[in-house]
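User: Hi! I'm new to this one, could you walk me through it?

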Amino acid sequence: MNHSNSASNKPIVHMDKVNKYFGSLHVLQDIDLEITPGEVVVIIGASGSGKSTLIRCVNGLEEFQNGHIEVDGNELLPNGKSSKALQTIRTEVGMVFQQFNLFPHLSVRDNVTLAPIKVRRLDRGRATEIANKLLERVGISDQADKYPSQLSGGQQQRVALARALAMEPRLMLFDEPTSALDPEMIGEVLDAMRELANEGMTMMIVTHEMGFAREVADRVIYIHGGQIVEQGSPREVFDNPQHERTQNFLSRVLKH
């Protein structure tokens with residue numbers, strides 16, 4: 001499935017020899033990665049392999065120690081320098097985490113309008129219009145006046161998704177968005193993400209949902225020990241993995 005938009009082949013994410021340490025632990029090792037606009041890239045690997053750290057480096061939530069990261073032409077410098085680029089990146093990159101991070105004292109609609117009002121400086125009327133449209137898009141317009149505590153986990157995660165989309169991001173990052181959900185709620189969040197992929201949103205997704213990865217990804221990247229071990233189309237990686245580590249990982253996670 002190829003979502004990428006050939007009109008603009010300049011990569012939206014460019015990582016060159018990126019290294020990240022937590023103390024003496026070498027979490028990311030010489031990561032080279034390019035993502036083109038409209039591409040859906042799914043990152044898989046065991047817990048602790050560096051997947052989440054990698055995407056958190058893309059929007060500056062984690063600092064990296066050396067190498068080069070550019071997001072939509074904005075350069076992130078090592079060790080947390082370059083705050084101006086960071087501000088720009090934060091407004092252009094939406095992120096959905098395992099935890100929903102919604103404001104409990106705000107209604108669902110107000111959770112979604114907050115960033116457009118504060119960051120994009122839209123007036124409340126316009127922000128509300130956008131919020132209503134997005135809540136409809138993720139299938140929860142009927143919950144707009146409720147508070148997060150009144151929603152199921154799957155509904156809260158879809159509010160978090162609407163909130164990220166309200167910034168009109170050029171890129172969406174997902175860090176295991178379904179791992180905190182009950183099994184019966186996972187499908188509704190994946191459906192909303194599937195919809196986004198079909199609309200051509202550029203996405204980097206860390207997930208354990210292999211069926212979903214196979215279905216939506218243009219490219220699957222397998223990470224082990226902070227290194228990209230293998231990457232390719234879902235068919236290449238899932239059906240014909242070349243590297244022994246990938247084969248071992250997949251034989252453990254793919255239940256036949």
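Analyst: Happy to! One convention to start: Ala, Val, Leu, Ile, Met, Phe, Trp, Tyr, Cys and Pro count as nonpolar, Asp, Glu, Lys and Arg as charged, and the others, Gly among them, as polar. The model is predicted, so local features need pLDDT of at least 70 and side-chain atom pairs count only at pLDDT 80 or more, while totals for chains, interfaces and linings use all residues. Residues are numbered from 1 along each chain as its sequence is written, and side-chain values use heavy atoms, with hydrogens and water left out.

User: Thanks! How many cavities of 30 Å³ or more does the structure hold?

Analyst: There is 1 cavity of that size, and the volume of the largest cavity is about 40 Å³. On a 1 Å grid over the protein atoms alone, a cavity is a set of points where a 1.4 Å probe fits but cannot get out; a pocket is an open set with protein on both sides within 12 Å along at least five of seven lines, and lining residues have an atom within 4 Å of a point. Points are joined across faces, edges and corners, and a volume is the space filled by probe spheres set on them.

User: Which residues line the largest cavity?

Analyst: Its lining is made of Arg137, Val138, Leu165, Ala192, Glu195, Leu196 and Glu199. By class, that is 4 nonpolar, no polar and 3 charged. Helix 6 (residues 183-198) gives the most, with 3 residues. Helices (H or I, at least four residues) and strands (E, at least two) are DSSP runs, numbered from the N terminus.

User: What does helix 6 meet in helix 5?

Analyst: From helix 6, Met185, Glu188, Val189, Ala192, Met193 and Leu196 touch Gly153, Gly154, Gln155, Gln157, Arg158, Leu161 and Leu165 of helix 5. That contact has 7 nonpolar, 4 polar and 2 charged residues. Contact here means heavy atoms within 4.5 Å.

User: And at what angle do those two axes cross?

Analyst: Roughly 20°, and the axes come within 8 Å. Axes are lines fitted to C-alpha atoms, for helices over the stretch in contact, with angles from 0 to 180 degrees between N-to-C directions. Helix 5 and helix 6 are therefore roughly parallel (under 35 degrees; over 145 is roughly antiparallel, 65 to 115 roughly perpendicular and the rest oblique).

User: Okay, new topic. How much space lies in the largest pocket?

Analyst: About 530 Å³. It is lined by 19 residues, and the closest to its centre are Arg90, Val93, Ala115, Arg163 and Met167. The lining divides into 11 nonpolar, 6 polar and 2 charged. Helix 2 (83-92), strand 6 (93-96), helix 3 (108-118) and helix 5 (153-165) each supply at least two of its residues.

User: How do helix 3 and helix 5 sit, then?

Analyst: Their axes come within 8 Å and cross at roughly 25°. Helix 3 and helix 5 are therefore roughly parallel. Val108, Asn111 and Val112 of helix 3 make the contact with Val159, Ala162 and Arg163 of helix 5. By class, this contact has 4 nonpolar, 1 polar and 1 charged.

User: At what angle does helix 3 pack with helix 4?

Analyst: Helix 3 and helix 4 (residues 124-137) pack at about 125°, with axes 8 Å apart. That makes helix 3 oblique to helix 4.

User: Which residues meet there?

Analyst: Val108, Arg109, Asp110, Val112, Thr113, Pro116 and Ile117 in helix 3 meet Arg124, Ala127, Thr128, Ala131, Asn132 and Leu135 in helix 4. The classes come to 7 nonpolar, 3 polar and 3 charged residues.
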